[in-house]
Amino acid sequence: MTPGESDRSDRLDAGWCDDPLLDVADLVAGYGATEVLRGVSLCVGEGEVVSLVGRNGAGKTTTLRAIVGNVAPDAGRVAFRGEDVTRLSTEETVRRNVAFVPEERRIFPGLTVAENLRIGRLGGSDTARSRDPQDVLAEFENLREHPDRLGSALSGGEQQMLAIARALVAGADLLLLDEPTEGLAPFVVRRVEDLVRNLNDEGISVLLVEQNVQVALELADRHYVLDRGEIVYHGTSDELRENDEVMDRHLGVTT
Ligand code: ATP
């Protein structure tokens, strides 16, 4: 038995991810000598919204970065649609329609909204999911009215929308979102939530990293709780909501 096989059967016993879109098994990764992920296993099924929650520094961003090949795993396996993508570069992973929207959004301040979107085309996939920037723009109310506005003139919420729109242009079957609501005003958070719901309705699966547990509970069907590089809990929204110990001890939410 390979390490973590028991982990895997636990998940399958729970009836999740019999045929996962994303399957992460026993991922070990870090930066130089610093080990951050200590055997992370999770899965996202077709059409699911799944959250990865945890305190600051738990390793959430590192997990996403390892999934997209931005951090080279020391051990473990990442599979997308059954294909082993563990050792692929970020570009190669993105071509398989795995879209990553990093926390820092990476909007080009000197380029317009339309130009930022066209950049999504570069390096993206050519498959059915890859979309015309104009069509994507049409779906984003705030952005479509200002295609010539510079990235530097956008609000935090507009930048987040643009980062997600750009990921859609590149093509997304699976969207990896790193703290999309961070720093946004509550009414903008609602808009981001609506957007994620709409995208999911269109058939895009989502792995959502969130510090804001309420947003995660609102949006996701299932949740993985990460603490110091290990998954310490997984469950549905109802189960997590009612688990005072996990909410308090691992997420710092007093219930
Ligand atoms: P946050 O919510 O603060 O972003 P996180 O759960 O996403 O937290 P990570 O960003 O994955 O956590 O960081 C996990 C650990 O890895 C932290 O201790 C962090 O300091 C460390 N770390 C992150 N990036 C690097 C890096 N490039 N080099 C060295 N250490 C890093």
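Start by selecting the ligand and the 13 residues around it, among which Gly57, Lys60, Thr61, Thr62 and Gln211 come nearest; a residue belongs here if one of its heavy atoms lies within 4 Å of the ligand. What you have open is a predicted model, where local features need pLDDT of at least 70, side-chain atom pairs count only at pLDDT 80 or more, and totals for chains, interfaces and linings use all residues. Residues are numbered from 1 along each chain as its sequence is written, and side-chain values use heavy atoms, with hydrogens and water left out.

Now color that shell by residue type: you will find three nonpolar, six polar and four charged residues. In this scheme Ala, Val, Leu, Ile, Met, Phe, Trp, Tyr, Cys and Pro are nonpolar, Asp, Glu, Lys and Arg are charged, and the others, including Gly, are polar.

Next, select helix α2, residues 60-67. With three residues, helix α2 gives the most to the shell.

Which residue has a backbone N or O atom 2.8 Å from an oxygen atom of the ligand? Select threonine 61 to see it. Then click on glycine 59, where a polar backbone atom is 2.9 Å from a ligand oxygen. At glutamine 211, a side-chain N or O atom lies 2.9 Å from an oxygen of the ligand. Altogether, the protein covers 59% of the 630 Å² of accessible area that the ligand has on its own (Shrake-Rupley method, 1.4 Å probe).

Finally, zoom out to the whole chain. Its 255 residues are 53% buried, meaning under 20% relative accessible area with a 1.4 Å probe, counting protein chains only.

Definitions and conventions
Buried means under 20% relative accessible area, exposed over 50%, partly exposed in between (1.4 Å probe, protein chains only). A polar contact is a pair of N or O atoms within 3.5 Å; within protein, one must be able to donate a hydrogen and the other to accept it, and residues adjacent in sequence count only if both atoms are side-chain atoms. Helices (H or I, at least four residues) and strands (E, at least two) are DSSP runs, numbered from the N terminus.
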